[in-house]
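Here is a short briefing on one protein chain. It goes from the overall fold to a single residue.

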Amino acid sequence: MKLWAVANQKGGVGKTTTAVILAGLLAERGRRVVLVDLDPHASASAWLLSASSPREGVAALFGGADAPAAADLLESTAQPGLEVLRATPALAALERRLATQPGMGRVLGEALGVLHSRADHLILDCPPTLGLLLVNALAAAERVIVPVQTEPLALEGLRRMQETLEMIARSQGREIDSWVVPTLYDQRTRASREVLGRLRSEFPAGLWPGVIPVDTRLRDASLAGELPSRFCPRSRALGVYRLLVEALLGERPRDEAVAWDTPLDEVRAEEVAIA
Ligand SMILES: Nc1ncnc2c1ncn2[C@@H]1O[C@H](COP(=O)(O)OP(=O)(O)O)[C@@H](O)[C@H]1O
Ligand SMILES: [Mg+2]
């Protein structure tokens, strides 16, 4: 079972969108996927699940001896193979309570470990604040995907995120396999182009060469409560997310340059370096 966290300490950078799309694309390929919504805002849960549920959601995993088994908290979605462990308002209270309790950093990883017979992939959609939920997610993750919006303030957020990843790596004595993914790229704006250039020159470590373009169809899909892989399978952004999935799965080289601005069919036929 692979456990990937989608994380950035900044909000509005495309974390939830990326987590939902990756989960949907993996499920579409026949993998058994669980999307774990760790953000008290519950955007991923609202996107994929109905508003109410008798299930307690992911916060219940932190209940100590009374905690239910993770498998009993899963909820199915319209996409076969994709289940969700929902976020509830209890997550926000939990974050405050956990902050004062030592030794809580590995609770999530242990609780999710039992899903290994049920899922091939766990995708964790993380909250934008550095608290114990994010620390739990990063400590459990073998790979961290860091969406970075191509706008000037994003670089400072990425710097903070990288410091956090280094802290976790040091405390666990391991390398964290991080993938920085530029998002919300608008080629018409100078800010987008400049920030992409700075990402490439100042943050080359872990930077995926592809770029997720701004694509209003993704927002439409979330408003419609549908997976982009079903709602807009041929949209440009989804085409680039597919290339990202292929790179994440090792089906294409990680550092292969992919063009974001060519039509989908051409992207798939011929990979063009971005100038
Ligand atoms: N590639 C994209 N093109 C257009 N809109 C996007 C794209 N990625 C995300 N969005 C929109 O940007 C907003 C923030 O994205 P979201 O995934 O919720 O970020 P986060 O989880 O980091 O807060 C949402 O309204 C989402 O629909
Ligand atoms: Mg989010």
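Two residues are in contact when heavy atoms of theirs lie within 4.5 Å. On that basis, residues 24 or more positions apart account for 76% of the contacts in the chain with a separation of 6 or more. Note that this is a predicted model.

**Overall build**
- The chain has eleven helices and seven strands.
- Its radius of gyration is 18 Å, close to the 19 Å that the globule rule gives for 275 residues, so the chain is as compact as a globular protein of that length.
- Along the principal axes, the C-alpha atoms fill a box of roughly 55 × 40 × 30 Å.

**Burial and surface**
- Of the 275 residues in the chain, 53% are buried.
- The chain exposes about 12000 Å².

**Charge**
- The chain carries 31 positive and 34 negative charges.

**Thr16 in focus**
- Thr16 sits in helix H1, which spans residues 15-28.
- Is Thr16 buried or exposed? Its relative accessible area is 14%. Buried means under 20%, so Thr16 counts as buried.
- Leaving aside neighbours within four places in sequence, Thr16 is in contact with Ser43, Ala44, Trp47 and Asp125.
- With Asp125 there is also a polar contact, side chain to side chain, at 2.7 Å.

Methods. Residues are numbered from 1 along each chain as its sequence is written. Chains are lettered from A and ligands numbered from 1 in the order in which they are written. This is a predicted model: local features need pLDDT of at least 70, side-chain atom pairs count only at pLDDT 80 or more; totals for chains, interfaces and linings use all residues. Side-chain values use heavy atoms; hydrogens and water are left out. Helices (H or I, at least four residues) and strands (E, at least two) are DSSP runs, numbered from the N terminus. The radius of gyration is taken over C-alpha atoms; the globule rule is 2.2 Å times the number of residues to the power 0.38. Buried means under 20% relative accessible area, exposed over 50%, partly exposed in between (1.4 Å probe, protein chains only). Accessible areas come from the Shrake-Rupley method with a 1.4 Å probe; for residues, only the protein chains shown count as cover. Lys and Arg count as positive and Asp and Glu as negative; His and the chain ends are not counted. The place of a charge is taken as NZ of Lys, CZ of Arg, CG of Asp or CD of Glu. A polar contact is a pair of N or O atoms within 3.5 Å; within protein, one must be able to donate a hydrogen and the other to accept it, and residues adjacent in sequence count only if both atoms are side-chain atoms.
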